[in-house]
Amino acid sequence: MDFRAIIQKIKEHLIRFWQWIKPYLKQFSQWLSRVWKKYHLTKIIILMALTGILVTSTYLFYVAKTTNVADLSSGLKESTIIYDRNGEEAGQFRAEKSNSYVDLTEISPYVVEALIATEDRRFYEHHGFDLKGIARAASRLLINRSTAGGGGSTITQQLAKNAYLTLDQTFTRKAKELFLAIEIEKQYSKDEILAMYLNNSYFGNGVWGIQDASKKYFGVDAIDLSVGQAATLVGLLKGPSIYNPIDDLEAATNRRDTVLSVMAETGKITPEQATEQQQVALGDQLYDAYNPEGSGYQYPYYFDAVIDEAVRLYGLDGDDVMKRGYKIYTALDQNYQSNMQELYAQDGYFPPNSSTGEIVQSASVALDPNTGGIQGLIGRRGEYTFRGFNFAISMQRSPGSTIKPISVYAPALEAGYKPDSILKDEPQSYYEAKNFDGTYQGEVPMYEAVAQSLNLPAVWLLNEIGLNKGFNKAKEFGLPLTEADKYYGLALGGLEHGTSPAVMASAYGVFANGGTLYSPHLITKIIDSTGAVIVDKTQPKGKRVISKETSEEMTSMLLGTFSNGTGMSANPYNYTIAGKTGTTESSYDTTKSNDQWMIAYTPDVVISTWIGFETASKENVLSGTGGENMGALFKAQAEGILPYTSQTPFTVGNAYWTGGQVVAAEDAVDPATKNEEVEKWKEEVDDLAERAKVKAKEVGGKAIEKGKEVLRELIDLLP
């Protein structure tokens, strides 16, 4: 192949193409020139550019003015405090930010000198921004197409970035940073800005703030830092993961020496001081005396859920919740929470790990049925991870038979069925199902079907009342259903996505309070660091879901679960509870379970507990019934929580004791108790009869002796 010939051909074609298009380009140029002059396009472009600058400036000015910089100082100094339902402090936190805020007078002056020398030499001269620094950043933008590299931001701008903005290196962020810096300079003195910056900066190894950093790396207070130590801490601000002396002593030493040289160049210290400090072995000075004394995060899963709720429902930033000095009031009951945490710390209450070594997970919620307030919460078992996955709030698992009262029995009662109504307990052609033990009775009263958690009657009854009625009622109870859930498996908890202990506790709260649904929540009020109330949910509004009569009928049947049904092993001593158990079948082994549930309530509290493996597999399945696996745990939870409630009694009696009749609580007597009383009465009657016999014998004997005595006297009188 002759490449030269090919190249020559290409050149010839390009020349011909240029000769062809050249006249057209000339015509287009002449036309564009006429149009440009005619419509004054230069002026239009300039006007558009000026308009764009005006709009951008107006927007940035608005951002700066609407950002509440007035509460910046108070927010950085204060911890966010969590209060319980009684208004008592339950804990406090500030993310990873310093737990030890110090004023500038409590910080070594060497720190300030090093900071200004390396970060912002004109700090005391500018008003939040430095034109020379901006020019340097602009030149980098033109040359490198990026503002990365720093140099354009003053200490005030960096404070604005750390406090309000993201860390992305973009022109928009830089512009916002500048306008916010101007507002901060208007509100605070230079010394206040320095203090806020040093207390809100990250120093590596999980330490925020100059005081905690001083303790972490040198074991001293910030006021006692030497020149070299101050240079070390200021130096690592440029790259906390690169220049901290614990992770890389050599890099930290080199960075310290650079800062000392800059301090000498700018006259902050003498060259002799710099040389002297550079000779000090940094490794010999290291001493870790940092102790995040009592972080106040004593109820970790509950507090995690509080942060997540503040973000999810009220649009707050998670980091802001931790560091802005909020006062967050919650529904927390510290007695409930402490009891639950103590139980969950004991592995003996849970089934053994699977053959793969994975632990059985669990979550539990204690909820006030009259408000929806979550008073106690455990998110999971095992090692705690800050804001890790919380099963109590976030999981989506099949609720098993705990859904039956919601999707089947409650709507059936509304449709006219009664607790003593007879239901079909036999396989149906339209949906394959079976009872837990594989047997069926043909017919069974509703109260017994509920207490014994029979599957076949539930499926039959859902068909009788209609799928739509059961589906719609379950949605009214707050369950997150999809159209795919509109099938007969709805009677047994077979949902496309599933639900959580919190949602189920809220749903059962409807039965506990007489028919009203309250959304599950933790937060009741939020006050920011300036004292402004930004969230107020102290008077939650509920939605009527069922009538009081229906709730009482349902409660009368659910009382049977723990007295005579599947929850007997969890029945707390000396307390009366109503509720339901539930199990979901494993697809790997139908004799084992993926999930097991237990939900119980009184008029004062609902307890909703789940156990199961985090990941389903052939090995990760539960053997045994829910009562066997959860009975002891649930019983202990109830016995630890109920003493702290108002102990409001149920108004209706146990339908299992009355043959399905709904009567007042005082009129329902446990048949077992009644039999005991009858037996006791019989014993008392027999004892009385025996004593009567003995007495009769005694009286009869005395009469005979008296008769004999009289007879002897008569004989003596004879001649």
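In what order do the five strands of the open sheet lie, and is their pairing parallel, antiparallel or mixed? The order is 2-1-3-9-10 and the pairing is mixed, where two strands pair if DSSP finds at least two bridges between them. This is a predicted model, in which local features need pLDDT of at least 70 and side-chain atom pairs count only at pLDDT 80 or more, while totals for chains, interfaces and linings use all residues. Residues are numbered from 1 along each chain as its sequence is written, and side-chain values use heavy atoms, leaving out hydrogens and water.

**Open sheet**
- Strand 2 (89–93) and strand 10 (533–536) are the edge strands, each with a single partner, so one side of each has no neighbour in the sheet; strands (E, at least two residues) and helices (H or I, at least four) are DSSP runs numbered from the N terminus.
- Strand 1 (residues 80–83) and strand 3 (residues 327–330) run parallel and are joined by three bridges.
- Tyr 83 has Tyr 329 of strand 3 as its bridge partner.

**Helix pair**
- Helix 19 (residues 404–414) packs against helix 22 (residues 467–476) at about 110°, with the axes 8 Å apart; axes are lines fitted to C-alpha atoms, for helices over the stretch in contact, and angles run from 0 to 180 degrees between N-to-C directions.
- The two helices are therefore roughly perpendicular, a term for angles of 65 to 115 degrees.
- Contact (heavy atoms within 4.5 Å) involves Ile 406, Ser 407, Pro 411 and Glu 414 of helix 19 and Lys 469, Gly 470, Lys 473 and Ala 474 of helix 22.

Note on methods
Parallel < 35°, antiparallel > 145°, perpendicular 65-115°, else oblique.
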